[in-house]
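Me: Hi! Could you walk me through the packing in this one? I'd like to start with the rings.

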Amino acid sequence: MALVPSAPLNDAPLFAEVDMGADSSAPSVRATVVQASTVFYDTPATLDKAERLLAEAAGYGSQLVVFPEAFVGGYPRGSNFGVTIGNRTPKGKEEFRKYHASAIDVPGPEVDRLAAMAGKYKVYLVMGVIERDGYTLYCTVLFFDSQGRYLGKHRKVMPTALERIIWGFGDGSTIPVFETPIGKIGAAICWENRMPLLRTAMYAKGVEIYCAPTADAREVWQASMTHIALEGACFVLSANQFCRRKDYPPPPEYVFSGTEGELTPDSVVCAGGSVIISPSGTVLAGPNYDGEALISADLDLGEIARAKFDFDVVGHYSRPEVLSLIVRDHPTNPVTFTSSSLKTESS
């Protein structure tokens, strides 16, 4: 057995027993998923909060820390940005301007700071951000190693519903799985985890620690996370924010469409549900619906081989002569320029 903290923030840690399996000599990784709210419209304060949480997780001995979807930049829950079919309001446009200002450039100074945090606390860091690329925003996950190096990013391939008015679409060039000393790490964001072909691409890249930052606090989300752990024979680490109305700016600066009169400052608008699940489908820690927390478990990497002996979805359990997948993993650019110097040389 291993004693692993699942600690409410600003409180004494709570410890839960996690069964490490029969082979105690197998390598293990201590992982933490962060369940906490953004400081909305205040990216410097959000980064300060991220560092405090990272330091606390490192104090528990965590080697890998996963933050929620859009932790840096914010998930604009409840907002419609003044959009109706055929119309955008001036207030909604101003709201987007402020949201755009809260996003970060990749690369950029905020990325440098996150890298420095990972190096300072000697952890692998998976961070949900809102990425600014010119005037288009992307829901993105950034990866950092324990030496303080930025490894790369994953852009959400398919924003859900009204997210599509504020976020661009990722392409096949940012679906990485990074091979690290603590395992092969990748991520899919929120409802793109429900895309079977995207999951298959992740499995084909050998993902062992499958990170699932999300904004979905419903109980049914747990079924999806368990299914992915079993299907991919991988560890699944799902991190969600826990937010109350008071974590967002007050009205009229920020209005939850159609519900503002029903909400008090302490009303829960996102209940968390962060969880860590083993390749056998065993819940190792969470789900937590009680408040901001650090949810941790030791991952017995030997469990991956034991699970894949039963079912390897892109290995012995695949039928490529019947079913196959093509992944276009190159960037898609709206404009391609031909060098004028090349034109001159060929004329």
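Reply: Happy to. Rings of Phe, Tyr and Trp (its six-membered ring) count as a pair if their centres lie within 6.5 Å. Bear in mind that this is a predicted model.

Me: Got it. Which residues form one aromatic cluster?

Reply: That cluster is made up of Phe40, Tyr41, Phe81, Phe96, Tyr99, Tyr248, Tyr254 and Phe256.

Me: And how many aromatic pairs does the structure hold?

Reply: There are 16 aromatic pairs. One of them joins Phe67 and Phe71, a tilted pair with 5.1 Å centre to centre and 55° between the planes.

Me: Are Phe67 and Phe71 buried or exposed?

Reply: Both Phe67 and Phe71 are buried. Another tilted pair is Phe311 with Tyr317, at 4.4 Å centre to centre and 45° between the planes.

Me: What about accessibility for Phe311 and Tyr317?

Reply: Phe311 has 26% relative accessibility, so it counts as partly exposed. Tyr317 is exposed because its relative accessible area is 53%, and the cut-off for exposed is over 50%.

Me: Switching to charges: which ring does the charged end of Arg155 sit over?

Reply: The ring of Tyr138, with the charged end of Arg155 3.7 Å from its centre. You also have Arg194 over the face of Trp191, at 4.3 Å from the ring centre.

Me: Nice. Now Arg199: where is it found, and is it buried or exposed?

Reply: Arg199 belongs to helix H4, which covers residues 196-204. With a relative accessible area of 9%, Arg199 is buried, since buried means under 20%.

Me: What does the side chain of Arg199 reach?

Reply: The backbone oxygen of Asn193, at 2.9 Å. Setting aside neighbours within four places in sequence, Arg199 is in contact with Asn193, Arg194, Tyr210, His227, Ile228 and Glu231. Arg194 on that list is the residue lying over the face of Trp191.

Me: OK, on to the core. How many residues does the largest nonpolar core have?

Reply: It has 48 residues, and those with the most contacts inside it are Leu64, Leu237 and Leu299.

Me: What is Leu237 in contact with?

Reply: Neighbours within four places in sequence aside, the contacts of Leu237 include Leu64 and Leu299. Also among them are Ala31, Val33, Val66, Ile209, Tyr210, Cys211, Ala212, Val275 and Ile276. Apart from that core lies another one, of 27 residues, including Leu47, Leu54, Phe67 and Met127.

Me: Phe67 again! Which ring was that paired with?

Reply: With the ring of Phe71, as a tilted pair.

Notes
Residues are numbered from 1 along each chain as its sequence is written. This is a predicted model: local features need pLDDT of at least 70, side-chain atom pairs count only at pLDDT 80 or more; totals for chains, interfaces and linings use all residues. Side-chain values use heavy atoms; hydrogens and water are left out. A nonpolar core is a set of buried Ala, Val, Leu, Ile, Met, Phe, Trp, Tyr and Cys residues joined through side-chain atoms within 4.5 Å. Buried means under 20% relative accessible area, exposed over 50%, partly exposed in between (1.4 Å probe, protein chains only). Contact means heavy atoms within 4.5 Å. Helices (H or I, at least four residues) and strands (E, at least two) are DSSP runs, numbered from the N terminus. A polar contact is a pair of N or O atoms within 3.5 Å; within protein, one must be able to donate a hydrogen and the other to accept it, and residues adjacent in sequence count only if both atoms are side-chain atoms. Rings of Phe, Tyr and Trp (its six-membered ring) pair if their centres lie within 6.5 Å; planes under 30 degrees apart count as stacked, over 60 as edge-to-face and the rest as tilted. A charge sits over a ring if NZ of Lys or CZ of Arg is within 6 Å of the ring centre and within 35 degrees of the ring normal.
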